[in-house]
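I opened the model to look up a few things. My notes follow the display.

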Amino acid sequence: FSAAVDFIGLQKNVDRNKIGIIGVCGWGGFALNAVAADKRVKAVATTSLYDIPRVLSNGYNDSRTVEERTKMLEALSQQRWADAESGKVSYGGTPNPDKLMGDEPEFVKSYFDYYKTPRGFHPRAINSNAGFTNTSIISVINMQILAHIKEISPRPMLLIAGEKAHSRYMSEDIYKAAAEPKELVIVPNAVHVDLYDKVDVIPFAKLDDF
């Protein structure tokens with residue numbers, strides 16, 4: 001995002017008072033981080049926001065214990081040795097299954113419906129195919145990307161989340177932590193991926209007004 005704003009700043013015909021960022025899913029969290037640091041950005045909006053380091057560190061709904069986190073990181077640290085010794089990067093497999101068994105959580109079914117079908121599949125997309133490396137999360141797991149969330153103020157922030165989204169709590173927590181001006185919009189009956197591409201669900205009118 002910072003690179004994108006740098007590029008925008010170099011354009012001769014850009015109105016420097018009208019730079020904004022929209023972040024979807026994991027890029028929503030990184031967008032807030034970028035705006036807290038880069039004061040040229042005048043407004044930020046997110047949909048289906050994810051705080052990726054928080055989820056990687058604590059699990060969904062902060063359910064992972066310190067002991068579980070330590071055990072996971074010990075295993076991943078040893079995997080770095082294994083990768084170095086083999087000379088090959090190991091992958092954790094696709095983050096989305098190739099076939100549903102029927103008893104998966106709602107968000108797994110929703111991700112499958114997006115990333116593993118023509119709706120959102122792409123042959124080079126990480127979430128559609130091989131997934132991340134086994135050890136990639138070590139690089140971001142301790143990042144506190146929202147530590148300076150209050151410093152977005154006095155620039156406006158809009159957070160949009162689905163009523164039934166498993167990620168809704170992240171937008172709600174950020175809303176509580178952020179300073180004014182801020183607004184939280186909960187889209188009725190929507191799940192996380194509905195705000196990726198469903199044009200009849202995404203509140204475009206609200207985004208236009210914002």
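I started with strand 1 (residues 20-24): I21 and G23 sit on its covered face, while G20, I22 and V24 sit on the uncovered one. I take helices (H or I, at least four residues) and strands (E, at least two) as DSSP runs, numbered from the N terminus. This is a predicted model, where local features need pLDDT of at least 70, side-chain atom pairs count only at pLDDT 80 or more, and totals for chains, interfaces and linings use all residues. Residues are numbered from 1 along each chain as its sequence is written, and side-chain values use heavy atoms, with hydrogens and water left out.

Next I checked the pairing (at least two DSSP bridges between two strands). Strand 1 runs parallel to strand 2 (residues 43-47), joined by 5 bridges. I22 has A45 as its bridge partner in strand 2.

**Helix 4**

I then turned to helix 4 (residues 66-86), which has 21 residues. Which of its residues are buried? I found L73, L76 and D83 buried (under 20% relative accessible area; exposed is over 50%, partly exposed in between; 1.4 Å probe, protein chains only). Seen down the axis, the buried residues of helix 4 fall within an arc of 70 degrees, so they line one face. I took the arc from the directions from the helix axis to the C-beta atoms. The face turned away from the buried side carries exposed E67, K71, Q78, W81 and E85. G87 follows helix 4, with a positive phi near 75 degrees.

Technical notes. The expected span of a helix is 1.5 Å times one less than its number of residues.
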